[in-house]
Amino acid sequence: MAKRECGVVREMSDNKFKSSVLGASENKSFAMALPAVLWQGIFLYVPVVFIIGISFLKGLDGSVFKNITLGNYDTLMNSSYFITIYRSVVLAFSTALMCLILAYPTAYFLAIKVKKYKNLLFFLLILPFWINFLVKAYSWFFILDHNGFVNSFLIKIGLISTPFHILNTPIAVYIVMVFCYLPFMILPLYNSMAKIDKFLLEASSDLGATAGQTLWHITIPLSMAGITSGFFLVLIPSFGEFVIPTLLGGGKTMYVGSMISYFFLETKNVFLGSAFTCLSGLALIFVALSIYFVFNKIGKKNMGVK
Amino acid sequence: MELRRKASSFILPSFVGLIYLFLYAPIIVFIIFSFNKNPYSLKWHGFTFSWYRDLFASSEVAEALTNSLIVAFSAVFLSVTMAVFYVFYGLGSFLNRLTILFYGSLIAPEIVLATCLLSVFSFLNMPLGIPSLIAGHTLLGLAYVVPIIKSSYEEIDNRLIEASMDLGATESQTFYKIIVPILLPAIMSGALLIMIISLDDFFISFFCSGPETLTLPMYIFSQVRTGATPIVNAISTLLMVVSSLLILLLTSFKIKTRFF
Amino acid sequence: MIIFPVKKIFIRLLILCFWTAIIFLFLFSPKISQYFVTGKSLSVFTFSKFIDVECIKKFEKETGIKLNVNYYDNNDELLVKIRKTGGAGFDVIIPSDYAVELLAKEGLIQKLDKSKINFLDRIDKRFFGFYFDPKNEYSIPYAWEAYKIGYNKVMFKATPINSWKMGFDKAYAPNPIVMNNTPREAIMLAALYLFGSIDNLDDEKLEKIKDLLIKQKQWVEVYTDRRSDYYLSSATCAVAVGSSGEIWRAARQDPNLEFIVPDEGTFMIIDSVVLSAKSKFPDDAYKFINFLYSKKIVDHHIDKYSIFSVLTDVTMDERSTKAAKYTRDRLDKVKVDFFRNVLTEDQMNKVWVELKVK
């Protein structure tokens, strides 16, 4: 059982040892450890199963339970709903992609290049998290509006004569989405890049690789874990986002989030809403798994080449 | 070659500088506008503290802030306690193999979590108020705190525990005097994370708020929806100042803020 | 031999039940604690630009009853929230006429005890007896609104005509417009424009309405219920379609803005005060309602939110009085209808969802 050896040998039994040596009875351990799992079960898994369950119900007025049917899904087989889901997928994916493109150099700079002001820059990166995202999103109003900062500035320096129509278009939505989720991409990237041994990069350039080659063959594969977790950390929430598109898109398009909130907060038809939630959940799982599969393939390929 | 190196050492920092500017642009905007005499229009109308005065006089803000803080602290307390007990007492048992369950809240978009909670709560005729909000926020919190504390705990050298037991400490003495202090950085960063998440959370408050609970995000949302944001700008500026001081204070204790 | 650890499983199940019970106790605690709460509190549910919270805090000081004010964006949201709890947790509600009809039908509001109300004689008699509550058993009118088209004189280069064409026909209104964001109101407005009436709307007519709204969307800058004042004043949009609560408030603050009441007719909205069926402190609710209608408070709200009150003895500034009179005169001349409950939710959903998705 390797109990008495130095902690070099880490076996599975180490964990059991940690708790067994404490002398807590098995029942007490169970009692103390249970709440966390119970909490997850009651507040996450039971509700999800519940929603899946009621998506198969239909009622009088859509509010009172009447019978079990696939009718809700039938109603959803309408192009409007598919378009909504597709739109959200595109928004989520393009947000994540742009975040990745913008965040990667930033994280690289912070983790690998910067020596002196690292703490200050990191602090400046964390600070925006404390500001409510609604306030930040709404402040973009003032920046992107017809008479806002961007337009006023461009007109003043004479670059354009009529203001750009940015606000209340999908472009404004896209800009603010990227803005809101960028920190979520930078942090995991930074974390995984900080773990890269700088000597590897030095060695690579010593051996004659160009900066580009080092990046592609060394840095990116080693930061793959950060890329994957950052990508999904942005992809998943932005799929369900509805505040930013509504606030900055002029209320002109529905995304998955606004559709769900419309169903649950403005109509009686909770069953149809649940069915739609399940449908979009399935779509998200499908998309997420495909992307994960692709990332895995890329990761393996690069490791193999090295 | 020299020129190229000089150029490349210039491009990356300026790019990162632009990114930081992008991240701070709206923050600078609302700070400036919190002092603007007429924040509804886009021009500068003169410097004033009146919005700050309104902020402190407003009972709605006081109520929203109080509720939000109550919910946040409760969520932090519950999440951290449950997580620590889960990791400490459960390590090695089959419950710990269920750790993957905690990632569920991260995998689902928050709106799905919120609507599921709402449906169950209304089905059970549960009153929507502060406890339901605390429940939702603790759920979010657990997903972040459990992995942090678990990985931190697994790194504790067995010999410390063994030594402590050998020297005659009881289980709770070992727990409070040895393990908790070592876990403190992880606990603190987890607690901070949950605070931020809870104070910033919108979806769960939006869907699960009852007629009697006003939280800060909901208050801000109702103001932003109608475009009347002078007090909101003032609040956010103050929050930013307070949180900067908090972060500076905490980092001065040399706590590693590892988020993932 | 397989030893089945019955005792172990039994103990674990017990622990599971114990913790589950604690969690549920925690979740249901508000329901339990309200039996111990001695202080009184009233919950007011209103449209967001009707009530000034700081002003009605005076009520708290005078009577010691705590007020919780909640806001709704549109009446659909109100209906969903009230239906969810069956009226529990709400006391005084201020919905629009069509919501009153639905609430009364579903038993979510209670009949009002007129003896506890001291201002009925101050209300203009014209506002009693409408379709949604013919004997005014459930509701008392609070304010009235009419649907209008607001426009920015400076930005709108063409001559304004007294027709909904300004909102629905690009030839008459070339600039981007602001359109209302409530499904029912937008759909019925389109119905009025196309067919002259909101009755007998079958699927074919709804298709036409949907097509019109989708076509209109091309030049809609934004769908909003409450930001039209900003878009008009900042000259981003020349025209806004909305109710007088919005349009008049914008025009009152900005002399560049005008409004018209179209010839084809328009809709009126009567915002009324009702009492929830499960109100905990109905007597105090009546106290609050009396307070709300007291002259000083009404004057304050009229001044702050530019609403048109149903009371006869209020003080309005000159421009508001003129605007109210003009609107009333126009309403006497053109066809006036209400957003009656002639369409089912499903029908409205279909049109609205497809509009927003296209």
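Modeller: Before anything else, a residue counts as buried if 20 or more other C-beta atoms lie within 10 Å of its own, exposed if 12 or fewer, and partly exposed in between, with C-beta atoms placed from the backbone. Helices (H or I, at least four residues) and strands (E, at least two) are DSSP runs, numbered from the N terminus.

Colleague: Fine. How many buried residues does helix α9 of chain A have, then?

Modeller: Zero of the nine residues in α9(A), residues 198-206, are buried, so the helix is hardly covered. Gly208(A) follows α9(A) and has a positive phi, near 100°.

Colleague: What kind of model is this, and how is it numbered?

Modeller: This is a predicted model, in which local features need pLDDT of at least 70 and side-chain atom pairs count only at pLDDT 80 or more, while totals for chains, interfaces and linings use all residues. Residues are numbered from 1 along each chain as its sequence is written, and chains are lettered from A and ligands numbered from 1 in the order in which they are written.

Colleague: What are the scores?

Modeller: ipTM is 0.83 and pTM is 0.86. For chain C the mean pLDDT (the predictor's confidence in each residue, from 0 to 100) is 85, with 99% of residues at 70 or more.

Colleague: Let's stay on chain C. Which domains does it have?

Modeller: The assignment, which is automatic or from a database, gives domain 1 as 41-144 + 270-320 and domain 2 as 145-268 + 329-357 of chain C. Their centres, taken over C-alpha atoms, are 26 Å apart. Domain 1 of chain C puts 19 residues into the contact and domain 2 of chain C puts in 14, where contact means C-beta atoms, placed from the backbone, within 7 Å.

Colleague: Which element gives the largest share on the domain 1 side?

Modeller: That is α5(C), with four residues. By class, the domain 1 side has nine nonpolar, four polar and six charged residues. Here Ala, Val, Leu, Ile, Met, Phe, Trp, Tyr, Cys and Pro count as nonpolar, Asp, Glu, Lys and Arg as charged, and the others, Gly among them, as polar.

Colleague: Is strand β7 of chain C enclosed or open?

Modeller: β7(C), residues 239-243, is largely enclosed by the rest of the structure, because five of its five residues are buried. Val239(C), Val241(C) and Ser243(C) lie on one side, Ala240(C) and Gly242(C) on the other.

Colleague: Which strands pair with β7(C)?

Modeller: Pairing needs at least two bridges found by DSSP. β4(C) runs antiparallel to β7(C), with five bridges, and Tyr147(C) stands opposite Ser243(C). β5(C), residues 177-179, is parallel to β7(C) over two bridges, with Val178(C) opposite Ala240(C).

Colleague: Switching to A and B. How many residues does each put into the contact?

Modeller: Chain A gives 74 and chain B gives 73. Helix α2 of chain A, residues 26-54, supplies the largest share of the chain A side, 18 residues. That side has 50 nonpolar, 18 polar and six charged residues.

Colleague: And which residues touch the most others in the largest nonpolar core?

Modeller: Ala137(A) and Ala83(B), in a core of 255 residues. A core is a set of buried Ala, Val, Leu, Ile, Met, Phe, Trp, Tyr and Cys residues joined through C-beta atoms within 7 Å. Beyond four places in sequence, the contacts of Ala137(A) include Val176(A), Cys180(A) and Leu247(A).

Definitions and conventions: Two residues are in contact if their C-beta atoms, placed from the backbone, lie within 7 Å.
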